[in-house]
Amino acid sequence: MASDALLFYSFAAVTVIGALLVVSQKNPVYSVLSLILSFFGLAGLYVLLEAPFVAVVQIIIYAGAIMVLFLFTVMLLNVPREDAAEWDRSHPLYRPMALRIGAVLAVLLALELGWALSRTPGLGVGVGDAHPAQSSVAELGRVLFTDYMFAFEVTSILIIASMVGAVVLARKREE
Amino acid sequence: MPIGHYLVLSGLLFAIGTAGVFLRKNLITLLLSIEIMLNAVNLAFVAFGRQLGTNDGQIITFFVMTVAAAEAAVGLALVIALFRHRESLNPEAFTSLKW
């Protein structure tokens with residue numbers, strides 16, 4: 001159990017640090033690479049949650065395909081870094097009134113969330129204590145192609161629509 | 001691990017993603033922040049699915065990933081089209097519907 005907690009906290013730290021780096025980096029290429037780091041942490045957490053297939057899909061689809069698409073776009077556009085002077089002039093963090101109101105709202109939200117969490121029963125129960133692990137890929141496939149058949153088919157329409165949309169939008173207009 | 005830990009981590013990731021959407025002035029980083037938020041929700045789904053002993057949490061995670069892929073494809077195509085017009089990725093450069 002102790003090693004379980006250690007693994008959880010290290011994966012959680014990798015995930016959160018990766019996400020913070022995404023938001024704080026000025027160069028988009030570093031942002032994309034930090035997000036891949038964060039996804040590897042998430043994949044570790046999925047393994048801890050006895051969902052190894054989701055973990056593998058997370059690495060292959062998210063880190064492998066979607067992030068490569070992002071990286072490709074960043075390099076295709078030769079994206080400029082965010083200008084430091086521009087950042088100082090118009091950044092929301094430099095508007096004192098907005099900063100104060102936002103800070104009050106954020107503290108209120110955090111207090112409410114903490115209060116709600118402290119009143120919710122069953123949060124201290126171990127995540128896998130009540131039920132045995134159900135991580136079989138065969139079972140996942142059976143559920144996906146029986147109970148969720150309709151959603152699965154609709155997904156194919158969504159993908160076709162997004163594919164056509166991407167091609168139409170990114171095409172150069174012939175004058 | 002208690003499920004509360006996973007939920008707090010998920011909330012923390014979602015907050016980081018939201019902060020990214022509000023604080024950054026770069027369309028690519030905005031899209032990346034949205035991906036962080038989607039992943040935070042995925043983590044909560046898988047944790048609840050494990051807690052309740054069902055596969056539904058993992059299944060919906062696949063659907064969220066599909067939607068994220070579609071969103072990334074269309075979003076990046078839009079970013080490319082916008083960049084061709086204005087040579088900028090600052091959202092404040094795009095304030096008119098037509099030019």
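Here are a few notes on this predicted model, taken point by point.

1. Some housekeeping. Residue numbers start from 1 along each chain as its sequence is written, while chains are lettered from A and ligands numbered from 1 in the order in which they are written. Since the model is predicted, local features need pLDDT of at least 70 and side-chain atom pairs count only at pLDDT 80 or more, whereas totals for chains, interfaces and linings use all residues.

2. Chain A has seven helices and zero strands, giving the pattern α-α-α-α-α-α-α along the sequence. Helices here are DSSP runs of H or I with at least four residues, strands are E runs of at least two, and both are numbered from the N terminus.

3. Of the 175 residues in chain A, 21% are buried (20 or more other C-beta atoms within 10 Å of the residue's own, with C-beta atoms placed from the backbone; 12 or fewer is exposed, in between is partly exposed). Taking contacts in chain A with a separation of 6 or more, 52% join residues 24 or more positions apart (a contact means C-beta atoms, placed from the backbone, within 7 Å).

4. Have a look at Leu158(A), in helix α7 (residues 149-170) of chain A. Leu158(A) is partly exposed because 15 other C-beta atoms lie within 10 Å. Leaving aside residues up to four places away in sequence, Leu158(A) touches Thr66(B) and Ala70(B). From Leu158(A) to Ala13(A), 145 residues apart along the chain, the C-alpha separation is 34 Å.

5. Over in chain B, Glu92(B) sits in the segment after α3 (56-86). Glu92(B) counts as exposed because it has 9 C-beta neighbours inside 10 Å.

How values were computed. Contact = placed C-beta atoms within 7 Å.
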